[in-house]
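User: Hi! Could you walk me through this structure? I'd like to go through it in pieces.

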Amino acid sequence: MRYYVIYDGNCNLCVTLVQWLETCDRGQQFLYIPMQDEKALSQFQITAQDCEQGMILLEADRPERRWQGSAAAEEIGNLLPAGNLFVAAYRALPGLKWSGDRIYAQVRDNRYTLFGKRDRTYRSQYPICDSGNCHMG
C-alpha cells in the first residue's frame, strides 16, 4: 500500500524528516507533496487552510482516508518497520500521547522560529507527480 505525505517544504524540520523518510523508504511506501504545491493538493480537495493544522498523510488508494498533525506522525511511525511497537508504547503510557499532541501543536505553530525557513521549497525525489506523470492510486 502507498501513502502520500503532505509536508511543509519551506520548514527546515519538516524537510529534514522527509529526507530521513526518503532515505529509509526510498519511495516504496511513501510519496511526497509539499504544502506549497496548491495544484497537486487541489486534486485531493486540500486547501492552504487545511495545511495550517499540520502534516497530512493520505492513503493512496483511498485519499479520503487521511490523518493530520500528530495523528499523521503516529501513523507514519506505525507504517515503518517495527515502528508499531514504539507507537503502541507511546499511546499506552499515561499522559504521553496528550503531551505529544500539545508539543506537536507548539512545534507546528512555531516551526520557522524554532528551526528556520528555507529560501526555496524542497521538492522530494519521490513526488506523487514528476514530469507530468502522476503516481495516483
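User: In the loop between which helices does Ala82 lie?

Analyst: Ala82 lies in the loop between H4 and H5. Helices here are DSSP runs of H or I with at least four residues, strands are E runs of at least two, and both are numbered from the N terminus. Before we go on, this is a predicted model, where local features need pLDDT of at least 70, side-chain atom pairs count only at pLDDT 80 or more, and totals for chains, interfaces and linings use all residues. Residues are numbered from 1 along each chain as its sequence is written, and side-chain values use heavy atoms, with hydrogens and water left out.

User: Good to know. What is the phi of Ala82?

Analyst: Ala82 is not a glycine, yet its phi is positive, about 65°. With 42% relative accessibility, Ala82 counts as partly exposed; buried means under 20% relative accessible area, exposed over 50%, and partly exposed in between, using a 1.4 Å probe and protein chains only.

User: And Gln45, what's its phi? Is Gln45 buried or exposed?

Analyst: Gln45 is not a glycine either, and its phi is positive at about 55°. This residue sits in the loop between helix H2 (38-42) and helix H3 (48-51). Gln45 counts as exposed, at 63% relative accessibility.

User: Back to H4 and H5. At what angle do their axes cross?

Analyst: Roughly 140°, and the axes of helix H4 (residues 70-79) and H5 come within 6 Å. The axes are lines fitted to C-alpha atoms, for helices over the stretch in contact, and angles run from 0 to 180 degrees between N-to-C directions. H4 and H5 are therefore oblique to each other. For the cut-offs, under 35 degrees is roughly parallel, over 145 roughly antiparallel, 65 to 115 roughly perpendicular, and the rest oblique.

User: Which residues meet there?

Analyst: From H4 you have Glu74, Gly77 and Asn78, and they meet Gly83, Asn84, Val87, Tyr90 and Arg91 in H5. Contact means heavy atoms within 4.5 Å. The residues of this contact divide into two nonpolar, four polar and two charged. In that count Ala, Val, Leu, Ile, Met, Phe, Trp, Tyr, Cys and Pro are nonpolar, Asp, Glu, Lys and Arg are charged, and the others, Gly among them, are polar.

User: How many residues of H4 are buried?

Analyst: Seven of its ten, so H4 is mostly covered. They are Ser70, Ala72, Glu74, Glu75, Ile76, Gly77 and Leu79.

User: New topic: H6. Where is the kink centred?

Analyst: On Asp109, with a kink of about 65°. The bend at a residue is the angle between axes fitted to the seven residues ending there and the seven starting there. Helix H6 (residues 96-115) has 20 residues, but its end C-alpha atoms are only 23 Å apart, whereas a straight helix would reach 28 Å at 1.5 Å a residue. That expected span is 1.5 Å times one less than the number of residues.

User: Which H6 residues are buried, and what covers them?

Analyst: Gly100, Arg108 and Arg111 are buried. Their cover includes helix H1 (12-25) and helix H5 (83-92). After H6 comes Gly116, which has a positive phi near 90°.

User: Last one: is Ile56 buried or exposed?

Analyst: Buried, with a relative accessible area of 2%. Ile56 is in strand S3 (residues 56-59). Beyond its neighbours within four places in sequence, Ile56 contacts several residues, including Tyr4, Ile46, Cys51, Trp67 and Ala72.
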